[in-house]
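Please keep the sequence and the 3D view at hand while reading.

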Amino acid sequence: MNRGVVYYILGRFLQSVMVLWIIVTLLFLLFRLAPSNPLASYIDTTFTKQQEAALLARFGLDKPLGEQYIIYLFNLLKLDLGETFSYSGKSVMDILRADLPNTIYLTLSSLLLAYLVGVLGGIAMAALRGSLLERVGTTFTLMTRAAPQFWVGMLLLTFFAFQLKLLPSSGIGPAIVRYRWETEWDKLMSPVFWRHMILPTFTLALYLHGLPLLLMRSNMLEVLDQDYVTMSRLAGYSEWRVMIQTAARNAMLPVLTALTLGIGYSIGGNVVIEHVFSWPGLGRTLVRAVQQADYPLAQGAFFFIALIIVFMNFIADILYSLLDPRVGASAQAQVS
Amino acid sequence: MQQDAMAREGQSGKKKTVARFRQGSAIRQLWETNLEVFQRDKMALFGLFIFAIFTVVAILAPQIAPNDPLNPLKNSDGDWIKDAMPYWLAEPGEDVAEGYTNTFLLGTTNIGRDIFSQLIHGSRSALLVGFSAAAAVAVIGTVIGLLAGYYGGWIDTILMRAADVAFGIPFIPFIIVISAFFDPSIWNVVIAMALLLWRDTGRVIRSQVLVIKEQAFVSAARVSGASDLRIIFVYIAPSILPLSFLYGSFAIAWAILTEASVSFLGFSDPETISWGYMLQDAFNSLALSREAFYWIVPPGLCIMLTVMAGFFIGRGYEEVLFPRLRRM
């Protein structure tokens with residue numbers, strides 16, 4: 001790794017921190033826009049003025065805006081996201097810490113499935129170009145991208161959970177079973193958990209597989225035009241070897257970057273799937289928090305999701321510049 | 001969301017592939033490009049056809065819809081006609097006892113609203129959101145891309161850093177928060193999309209402008225004394241407008257999908273029927289456990305059709321502008 005690359009990574013990192021800081025500031029201002037008193041759902045109508053003031057003071061809402069902002073920033077640095085309004089004063093961090101693993105399991109397993117199918121499907125579509133099968137396959141993929149995820153989830157739920165009664169319809173497991181999961185490891189070792197994961201994972205993967213498939217297909221078509229592919233054909237390698245070893249390996253790079261970006265954006269976009277399957281993750285917590293006007297929790301969940309996205313964008317940039325040095329140079333030109 | 005990944009990926013993947021530009025007068029090249037898209041690509045034409053049909057349905061919705069989409073229907077005894085099956089699915093004679101004639105193409109909801117009429121009226125919010133959000137995204141993205149690319153320097157830095165910030169904000173969560181803080185209305189989705197989604201269009205247009213501004217006709221315009229704004233909007237803009245159309249078509253698709261998601265999560269105006277709202281209604285009133293496919297399937301199909309129409313048109317532009325991606 002030469003010095004240029006190190007400087008590039010460092011620059012990108014500082015830039016990501018700046019972006020995060022701006023997002024955090026916007027988030028602070030956005031939640032001050034919230035209608036009525038941020039404690040509206042918390043304060044009982046029977047409260048006296050003094051009780052109300054005491055409550056406002058407890059959440060630091062009686063201080064001037066500038067001071068609140070400074071306190072907010074310092075708390076974020078300590079990863080202290082405050083107390084929730086609706087979960088009887090539980091800390092936001094506790095709730096999000098319990099949600100995060102569930103969101104990650106769902107996201108990673110469906111991305112894995114989607115990219116496996118997508119990459120292989122993309123190679124197949126490129127190999128089959130011009131055929132009827134290719135047209136049918138591509139149209140099907142476009143359809144899965146156009147169909148709303150929650151609708152696909154509803155159809156699968158109706159069919160597999162309610163009509164055939166094969167799979168559970170919501171959550172991560174019945175309370176009796178969840179009670180026995182003391183660690184994340186126990187949860188992951190439980191077949192009940194995996195049974196609950198099948199439908200949401202499949203629904204999400206069905207949507208997510210389109211991007212790697214279409215990307216892989218067009219990359220393959222581009223790579224197959226290159227001289228070195230023609231050369232290896234002329235050298236007498238089998239069509240299979242040309243496709244997999246020579247072309248696919250080179251067409252994979254952009255797909256890998258897309259996967260990195262995909263992790264961040266799926267975690268932000270999982271909201272709808274988590275809602276349909278009552279999956280106890282970040283997205284569902286965010287929706288509930290907003291519905292119940294639990295602003296600290298909503299703000300915290302939003303911050304968490306943004307943090308993951310910005311971090312994954314950073315990783316994707318680095319990965320891209322390391323994998324393809326040409327991009328590094330032009331990207332550096334863009335940064336300066 | 002995934003479209004961001006795709007836009008970023010598409011952008012970097014296409015860095016080497018500069019869009020094809022035409023010669024001739026601005027209006028004419030624009031017209032020719034648009035004509036080529038729909039002549040060459042039958043799927044794009046099909047997309048246009050879908051939009052045309054839904055537009056007609058949306059305009060004539062009150063005339064086409066047999067019933068009011070919001071008012072529960074009552075039978076001769078004054079009870080709500082709850083959960084009526086579509087007449088072609090219902091057992092014959094079943095309705096006689098209930099005191100009404102079943103003429104419902106898609107049945108009724110659990111409180112007796114006509115599903116078919118809701119479906120017809122739903123096309124209004126889908127198209128309204130789709131087209132206005134797409135127009136906002138395309139216009140904002142194009143102007144920002146033009147300014148950043150043409151002026152460079154600190155203007156470029158600020159605008160592109162703003163794009164970075166927009167790329168870091170989670171899209172659906174942002175829209176949910178905006179929709180919850182303001183009075184429920186379909187315009188929340190449009191505003192939130194306009195605030196965030198210009199980022200893709202802006203970046204791509206900027207990189208195209210960087211190429212175009214080095215071309216001879218721009219220098220010629222500058223030498224002949226044209227002002228910066230004139231060069232940007234009269235000389236450069238027409239060449240990149242097809243790109244704006246490309247991103248605009250995709251934005252229609254994303255806007256319709258997003259509006260559906262937000263309504264499904266329950267952040268839309270309950271007085272405005274939309275396909276997403278219908279699905280939320282079905283979901284919350286346990287249509288799933290009753291296996292009421294006649295209620296669940298049609299709204300989703302309509303969303304899928306209109307979104308695909310946007311995709312088809314976008315891909316049509318893509319293939320004309322970036323011929324290397326063309327299906328071979």
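Of the 336 residues of chain A, 40% count as buried, where buried means that 20 or more other C-beta atoms lie within 10 Å of the residue's own, exposed means 12 or fewer, and partly exposed means in between, with C-beta atoms placed from the backbone. This is a predicted model, in which local features need pLDDT of at least 70 and side-chain atom pairs count only at pLDDT 80 or more, while totals for chains, interfaces and linings use all residues. Residues are numbered from 1 along each chain as its sequence is written, and chains are lettered from A and ligands numbered from 1 in the order in which they are written.

**The two chains in outline**

- Chain A comprises 16 helices and zero strands, these being DSSP runs numbered from the N terminus, with helices (H or I) of at least four residues and strands (E) of at least two.
- In chain A, 71% of the contacts with a separation of 6 or more are between residues 24 or more positions apart, a contact being a pair of residues whose C-beta atoms, placed from the backbone, lie within 7 Å.
- Chain B has 14 helices and zero strands, and 52% of its 328 residues count as buried.
- For chain B, residues 24 or more positions apart supply 75% of the contacts with a separation of 6 or more.

**Where the chains meet**

- The contact between the chains draws on 53 residues from chain A and 44 residues from chain B.
- On the side of chain A that touches chain B, the elements giving two or more residues include helix H1 (3-32), helix H5 (132-146), helix H12 (239-269) and helix H15 (295-323) of chain A.
- That side of chain A divides into 40 nonpolar, eleven polar and two charged residues, where Ala, Val, Leu, Ile, Met, Phe, Trp, Tyr, Cys and Pro count as nonpolar, Asp, Glu, Lys and Arg as charged, and the others, Gly among them, as polar.

**A helix crossing between the chains**

- Two packed helices are described by the angle between their axes and the distance between the axes.
- The axes of H5(A) and helix H14 (residues 293-321) of chain B come within 9 Å and cross at roughly 120 degrees; axes are lines fitted to C-alpha atoms, for helices over the stretch in contact, and angles run from 0 to 180 degrees between N-to-C directions.
- Leu142(A), Met143(A) and Ala146(A) of H5(A) make this contact with Met304(B), Val307(B), Met308(B) and Phe311(B) of H14(B), and the residues involved divide into seven nonpolar, no polar and no charged.

**The largest nonpolar core**

- The largest nonpolar core has 179 residues, of which Ala133(B), Ile176(B), Met193(B) and Ala251(B) touch the most other members; such a core is a set of buried Ala, Val, Leu, Ile, Met, Phe, Trp, Tyr and Cys residues joined through C-beta atoms within 7 Å.
- Helix H12 (residues 228-264) of chain B gives the most to this core, with 19 residues.
- Once its neighbours within four places in sequence are left aside, Met193(B) is in contact with Ala133(B), Ala136(B), Val137(B), Ala255(B) and Thr258(B).

- Just after H14(A), Ala293(A) takes a positive phi of about 55 degrees; Ala293(A) lies in the loop between H14 and H15 of chain A and counts as buried, because 21 C-beta neighbours lie inside 10 Å.
- Ser278(A), in the loop between H13 and H14 of chain A, also has a positive phi, of about 45 degrees, although it is not a glycine, and with 14 C-beta neighbours inside 10 Å Ser278(A) counts as partly exposed.

**Other individual features**

- Helix H3 (residues 65-77) of chain A has 13 residues and reaches 19 Å from its first C-alpha to its last, close to the 18 Å expected at 1.5 Å a residue, the expected span being 1.5 Å times one less than the number of residues.
- Leu108(A) lies in helix H4 (residues 92-127) of chain A and is 159 residues from Ile267(A) in sequence, yet their C-alpha atoms are 9.3 Å apart in space.
- Ile191(B), placed in helix H9 (residues 187-196) of chain B, is partly exposed, with 17 other C-beta atoms within 10 Å.

Conventions. Two residues are in contact if their C-beta atoms, placed from the backbone, lie within 7 Å.
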